[in-house]
Amino acid sequence: MCCAQQDMLRRFLVVRICENLDSKNVFILKKRCFSSFSNIKHLKRIHAKYIRNGSIEEDILAIGKLVADISISSPSNLNYARSIVAHLPYRPNVFMWNSLIRGYAQSAMPEEAIPLYCEMIKQGLLPNNYTFPFVLKACAQLSPTYVGLVFHGTIIKRGFEDCDPFIQTSLVYFYASCGFIDSARQLFDRCSVRDTTSWNALIKGYVKVGRYIDAIRVFRIMQDRRDVEVDEITLLGVVLACSQLGALDMGRWVHTYIDKNHVNLNRNLGTALIDMYARCGCIDIALDLFRRQSEKDVRTWSVMIGGLAAHGLAKEALNLFFEMQQFRLSPDSVILTHVLSACSHAGMVTVGLKILNEMSEVHNVEPKIEHYGCIVDLLGRAGHLEEALDIIRRTPLKPDVVLWGALLVACRAYKNVEMGETVAREMLKLDPHHCGAHVFLSNVYASTGRWDAVDQVRHSMKEQGIKKAPGSSLIELDGDVYEFIAGDERHPQSTQINLMLDEIARLMKLEGHVSATREVALDIDDEEKERALYRHSEKLAVAFGLINTRQGSPIRIVKNLRVCEDCHSVMKLISKAFNRLIVIRDRSRFHHFKDGLCSCRDYW
DNA sequence: ATAGGGTTAG
C-alpha cells in the first residue's frame with residue numbers, strides 16, 4: 001500500500017471513530033478508501049487481457065476507454081497511459097489525446113499538456129470541441145499567459161468561440177486566472193448561453209483577482225435572473241468574498257440561504273463558512289459550526305486553528321492542534337504557521353520554540369521561511385531581540401525581506417536603534433525599494449539629529465518614487481461594503497464624518513489622550529502629524545460606523561495594514577465613550593475593543 | 001466514449 005492509501009485508511013479509521021457511523025456508511029467509506037488502490041490494478045488486468053486476446057489491434061474504442069480511465073484515475077498513472085498510447089500499432093485518435101491532456105490538466109504538471117497537444121497536431125489530427133476545455137484548464141495554471149492566448153486564437157480560427165458554451169466558460173475562467181478579469185467579463189457578456197457554471201466561473205474569477213465587491217455584485221445580478229440556478233459552488237465563491245471583505249451581514253445571509261434552501265453543506269462550503277465567521281470576528285459561531293460540521297479535513301481544522309490564533313486565543317488553538325493529532329490527522333505546513341503565530345500573539349516563547357524544533361521530526365514538515373518568520377516575530381515581540389537575530393543568522397534558509405521585517409518591527413517597538421539600523425540595511429540590500437526600511441532609517445537619523453543623512457534617505461525615496469502603501473479600511477453597512485482610504489475626503493457623508501472625528505478628538509482630549517505621533521514618518525511638524533493620524537482609514541471607518549448604525553450595535557472593520565498605536569488607543573477610548581463593541585481585523589490579528597480595553601491586551 | 005466553475009496564511 002502506498003503512502004497516500006495508508007493516509008486514506010488512517011483517515012477512514014479516524015472518521016469511523018469520530019462519527020460513530022452505521023455499517024452501511026462504513027462500507028461506502030471503505031470502498032472509497034480502496035477504490036484508487038483496486039482501480040489501477042483492475043485497469044492493468046484489463047490491459048493484460050487486451051494484450052492476450054489481441055484486442056489492441058482491433059478494438060480501438062475499448063483501448064481508448066482504457067487510456068481515458070487510466071489517465072483520470074490518478075496523476076501517478078499518467079506515464080502508464082502514455083506508454084500504452086506510444087506503443088499502439090496504429091495512430092492514437094483524438095479521444096486518446098484528449099484523455100491524456102485532461103489527465104495532465106488536473107495534475108501537478110499542467111505544462112505537460114501543451115506538448116501533447118502539439119504532438120497530436122503533428123500527427124495530422126484535428127482538435128475537437130472537447131480538446132479546448134482541457135487545454136485551457138491547463139493554461140489557466142501556467143505562468144506564461146501567452147500560451148493560453150495562442151489557444152484562444154486557435155479557437156477563434158477553428159470557429160469554436162461563438163458556438164460552444166463549454167469552451168466559452170473555459171475561456172472566461174482562463175482570462176480571470178491570468179488576471180485579465182475585464183477580458184473575462186467581456187467574453188462572458190458575449191456568451192450565447194449562460195448557465196450556472198458560466199456565472200460561477202465569473203464570480204470565482206472576480207474572487208481570484210481580489211475584486212470581492214464585484215464578485216458579490218455579479219452574484220446579485222445572477223440571483224435576480226430567472227433563467228439560472230444558484231448552486232453550492234456559487235455560494236462558495238460568495239462566502240469566500242465575504243470572508244475577505246469581513247462582510248458579516250452578507251455572509252450570514254448566505255448561511256441562512258443555505259439552510260432555507262436545503263443546499264448541501266458539504267465539506268468545502270462548511271469550511272468556507274467557518275472561515276467566514278472567524279474572519280468576520282465571530283469566533284464563537286465559527287467554533288460552534290466547526291463542532292457540528294461532520295465532514296472535516298485538514299483544511300477545516302486549519303481555518304479553525306487559524307481563526308483562534310488570529311483572535312489571540314492561543315490556548316484554544318493549541319488544544320485544537322493537539323486534538324486533531326489525537327484523531328491521527330497530520331498537521332500541514334499552514335497549520336503549523338497558525339500555531340506558531342498563536343504562540344506569538346500570546347507571548348508563549350517556550351512553547352513556540354519547542355514546536356519549531358519538533359516540526360521536522362514529529363510532524364514531518366520541514367520549517368519554511370514563514371515558520372522562522374513567526375519565531376522571529378514571537379521572540380521579537382517578547383523583547384528577545386538578540387535571540388531573534390540569532391535565529392535569522394542560523395536559519396538554513398536564505399533570510400528574505402519579510403523575515404528581517406519581523407525583526408525590524410521589534411527593533412522599533414523596543415527602540416533598539418543599533419540593531420534596527422543593521423536590519424534595515426540588510427532589508428535594503430534585498431529590496432532597495434522597501435518603504436518600511438527607508439522610513440525606519442530616516443527616523444533613526446532624525447532622532448539623533450543627523451539631518452544630512454535624513455535628507456539623503458528622503459531624497460533617494462523621492463527619486464525612486466517610494467511611497468507608503470495607503471491604509472485602507474472596509475466596513476459593511478446594510479449589506480454594502482464601503483472602503484475608506486487614509487486621508488481620503490471623497491467618501492460618502494464627508495461632512496458628518498469630519499464632525500464626528502472632531503467630536504472624537506474632543507472626547508479624547510478630555511480623557512487626556514496624547515497622540516502617538518512618533519509613528520508618523522513624514523517630515524512635518526507635530527500638529528500636522530496629529531492631523532495625519534486623525535485621518536487614518538480606521539478612524540474614518542469607525543466614524544462612519546458610529547453615524548450610521550444603531551446605538552449599542554457592534555462596529556466591524558477590516559484593515560489592510562496593522563493598526564497603529566494611536567488608532568489602537570483611540571479605539572479603546574471610543575469603545576468606552578460610545579459604549580460600542582469595536583472589532584478590527586488588521587493584517588495580523590483581531591482586536592476586540594470593549595469598555596476601554598482591547599482583547600489583545602495591548603500585546604500585538 | 002470525453003468537457004466548463006470547487007476550500008487553506010502572509
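Residues are described here as buried when their relative accessible area is under 20%, as exposed when it is over 50%, and as partly exposed in between, with a 1.4 Å probe and protein chains only. The model is a predicted one, in which local features need pLDDT of at least 70 and side-chain atom pairs count only at pLDDT 80 or more, whereas totals for chains, interfaces and linings use all residues. Residues are numbered from 1 along each chain as its sequence is written, chains are lettered from A and ligands numbered from 1 in the order in which they are written, and side-chain values use heavy atoms, with hydrogens and water left out.

Chain A contains 31 helices and six strands, where helices (H or I, at least four residues) and strands (E, at least two) are DSSP runs numbered from the N terminus. Its C-alpha trace spans about 95 × 55 × 55 Å along the principal axes, and 48% of the 604 residues of chain A count as buried. With contact taken as heavy atoms within 4.5 Å, 62% of the contacts in chain A between residues at least 6 apart in sequence join residues at least 24 apart.

Two packed helices are described by the angle between their axes and the distance between the axes. Axes are lines fitted to C-alpha atoms, for helices over the stretch in contact, and angles run from 0 to 180 degrees between N-to-C directions. Helix α23 (residues 385–394) packs with helix α24 (residues 401–413) at an angle of about 170 degrees, their axes being 11 Å apart. This makes α23 roughly antiparallel to α24, a class that takes angles over 145 degrees, as against under 35 for roughly parallel, 65 to 115 for roughly perpendicular and the rest for oblique. On the α23 side the contact is made by L385, A388, L389 and I392, which meet L403, W404, L407, A410 and C411 of α24.

The buried residues of α23 are L385, A388, L389, I391 and I392. Seen down the axis of α23, these buried residues fall within an arc of 155 degrees, so they line one face of the helix; the arc is that of the directions from the helix axis to the C-beta atoms. Their cover includes α22 (369–381), α24 and α25 (417–430), while the face of α23 turned away from its buried side carries the exposed residues E386, R393 and R394.

In helix α19 (residues 314–326) lies L318, which is buried, with a relative accessible area of 7%. Leaving aside neighbours within four places in sequence, L318 is in contact with V339, M348, V351 and I355.

Positive phi values in residues other than glycine were also examined. K415, in the loop between α24 and α25, has a phi near 50 degrees and counts as exposed at 58% relative accessibility. D602, in the segment after β6 (597–598), has a positive phi of about 60 degrees although it is not a glycine, and D602 is partly exposed, with a relative accessible area of 42%.

With a disulfide defined as a pair of cysteine sulfur atoms within 2.5 Å, the count comes to zero disulfides. For C118 the nearest cysteine sulfur, that of C139, is 10 Å away, and C118 is partly exposed at a relative accessible area of 42%. For C282 the nearest cysteine sulfur is that of C280, 6.4 Å away, and C282 is buried, with a relative accessible area of 8%.
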